[in-house]
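Please read this briefing alongside the sequence and the model shown below. The points are grouped by topic.

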Amino acid sequence: MASSGANVFRYSALALGIFYGFYHQSTITASEKLQEITREYERKSKLIDEAKAAYTKKIMPQSAKTAGGDSMYTLSVLFITDPMDPKFDLEAYLNLKQAGEK
């Protein structure tokens, strides 16, 4: 039969091993959750970027698609330049004119 000091040591080692196992498993699980959240964020970001590119391609008129080199023409097509239009954006128009002067 083992002495009481040996039994205390055995059960203490067992308790510490169980505690360490729970701690280690929780850190692994937290790491995996963080990686999953990061992957999901990157996937959604990629989808948003693709949707923005598809929308820009959809709303750009055919003449602007074939114009090619004239970026000022392409920018002016994307913005409404008629001040009487209800969707007219003065700030975007002024930024467009400022970019054209440079």
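**Surface patch and overall build**

Tyr11, Leu14, Ile18 and Phe22 make a nonpolar surface patch of about 490 Å², where a patch is made of residues with over 30% relative accessible area and no salt bridge, nonpolar side chains (Val, Leu, Ile, Met, Phe, Trp, Tyr) being joined within 5 Å and like charges within 9 Å. A salt bridge here is a side-chain nitrogen of Lys or Arg within 4 Å of a carboxyl oxygen of Asp or Glu. This is a predicted model, in which local features need pLDDT of at least 70 and side-chain atom pairs count only at pLDDT 80 or more, while totals for chains, interfaces and linings use all residues. Residues are numbered from 1 along each chain as its sequence is written, and side-chain values use heavy atoms, with hydrogens and water left out.

**Helices**
- The protein chain has 4 helices and 0 strands, taken as DSSP runs (helices H or I, at least four residues; strands E, at least two) numbered from the N terminus.
- Isoleucine 18, one of the patch residues, lies in helix 1, which covers residues 4–59.

- Of the 102 residues in the protein chain, 5% are buried.

**Aromatic rings**
- The whole structure holds 1 aromatic pair, formed by phenylalanine 88 and tyrosine 93, which is tilted at 5.6 Å centre to centre with 55° between the planes.
- Rings of Phe, Tyr and Trp (its six-membered ring) pair if their centres lie within 6.5 Å, and planes under 30 degrees apart count as stacked, over 60 as edge-to-face and the rest as tilted.
- Tyrosine 93 counts as partly exposed because its relative accessibility is 23%.

Methods:
Buried < 20%, exposed > 50% of the residue type's maximum accessible area, 1.4 Å probe, protein only. Areas by Shrake-Rupley, 256 points an atom, 1.4 Å probe, with all protein chains shown as cover.
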